Amino acid sequence: MNILIVEDEKTLALEMAEFLGKEGYTIEHAWKKSSAEEKIFVNTYDFILLDLSLPGGDGLDLLNQLRSTQGREDSVIILTARGDVDDRIKGLESGADDYLAKPFSLSELLARMHAIIRRKHKLEKNEISVHKFILDIKNHMLCFNGERLNLTNKEFEIFNYLVLNKNRVISRVNLTEHVWGDILEINSDSNFVDVHVKNLRKKLSAHTAIEWFETVRSIGYRINL
């Protein structure tokens with residue numbers, strides 16, 4: 001999934017990026033409020049990890065702007081040294097999904113992200129049954145009858161994102177944005193998304209002939225569950 005880290009403490013930001021990168025996430029950085037606004041204006045994110053005390057402004061203002069934008073569903077976790085109850089209440093009432101006071105454990109951060117994913121998609125656990133396949137979100141695995149499929153990281157992320165948005169048509173642009181990151185850095189004329197999807201479908205079809213992975217012509221893809 002695509003994550004934006006809005007944090008001016010570069011050591012902490014890089015530690016989070018390295019940790020979450022090893023978990024398979026795509027990471028982008030913003031060191032100040034203005035650069036965060038620019039990125040959020042162009043892209044959507046699965047998670048925004050948001051510090052409140054930023055050069056150029058307050059992170060709460062950024063959160064309020066985000067939540068006032070129609071159609072935005074980015075999950076936000078506030079990360080801040082402000083530990084007062086009033087600050088926590090302001091953050092949560094402004095639309096944050098969770099709040100972590102510094103210093104915090106990176107493992108706890110990841111666990112809270114998994115919990116938000118479960119709540120957001122109404123999951124009871126980190127595994128989803130998909131037509132006899134088992135999608136393990138936490139461990140980044142897809143299995144069939146106990147056998148792990150040999151998926152690349154991008155193939156897994158494509159499948160994971162489509163499953164979490166089951167029965168919805170996901171455009172190529174939206175899929176690219178959530179799996180690869182900043183769409184401004186990507187050649188929109190490239191068919192690399194379709195190539196990855198084609199390889200993924202081939203690996204899935206080796207185990208089942210059910211037509212539940214659908215190509216929606218001229219738009220994108222949909223998984224029907």
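The legends below describe an overall view and several close-up views of a predicted model.

Residues are numbered from 1 along each chain as its sequence is written. In this predicted model, local features need pLDDT of at least 70 and side-chain atom pairs count only at pLDDT 80 or more, while totals for chains, interfaces and linings use all residues, and side-chain values use heavy atoms, with hydrogens and water left out.

**View 1**
Helices (H or I, at least four residues) and strands (E, at least two) are DSSP runs, numbered from the N terminus. Along the principal axes, the C-alpha atoms occupy a box of roughly 55 × 35 × 30 Å. The radius of gyration, taken over C-alpha atoms, is compared with a globule rule of 2.2 Å times the number of residues to the power 0.38; for 225 residues a compact globule would come near 17 Å, and the 18 Å of the protein agrees with this. Of the 225 residues, 46% count as buried, a term that means under 20% relative accessible area, with exposed meaning over 50% and partly exposed in between (1.4 Å probe, protein chains only).

**View 2. The buried side of helix α2 (residues 33–42).**
The buried residues of this helix are K33, S35, A36 and I40, and because they cover an arc of only 160° around the axis, they lie on the same side of α2; the arc is that of the directions from the helix axis to the C-beta atoms. The face turned away from this buried side carries the exposed residues E38 and F41. Among the elements that cover the buried residues are β1 (2–6), β2 (26–30), β3 (47–51) and α3 (59–67).

**View 3. K33, a residue of helix α2.**
K33 counts as buried because its relative accessible area is 11%. Contact here means heavy atoms within 4.5 Å, and, leaving aside neighbours within four places in sequence, K33 is in contact with L54, P55, G56, G57, D58, D61, L62 and Q65.

**View 4. The largest nonpolar core, of 49 residues.**
A nonpolar core is a set of buried Ala, Val, Leu, Ile, Met, Phe, Trp, Tyr and Cys residues joined through side-chain atoms within 4.5 Å. The residues with the most contacts inside this core are L49, L109, L135, F159, L175, L204 and F213, and helix α6 (residues 153–164) gives the largest share, seven residues. Apart from this core lies another, of 18 residues, among them Y45, L50, V76 and Y99.

**View 5. L135 in strand β9 (residues 133–136).**
L135 counts as buried because its relative accessibility is 0%. Not counting residues up to four places away in sequence, L135 touches N126, E127, I128, V130, M141, L142, F156, F159, N160 and V163.

**View 6. An open sheet of three strands, in the order β12-β14-β13.**
The pairing in this sheet is antiparallel, where two strands pair if DSSP finds at least two bridges between them. The edge strands, each pairing on one side only, are β12 (170–171) and β13 (213–216). Strand β14 (residues 220–223) pairs with β12 over two bridges, and I170 stands opposite Y221 in β14. Helix α8 (residues 192–205) lies across β13 and β14 and runs at about 150° to β13; axes are lines fitted to C-alpha atoms, for helices over the stretch in contact, and angles run from 0 to 180 degrees between N-to-C directions.
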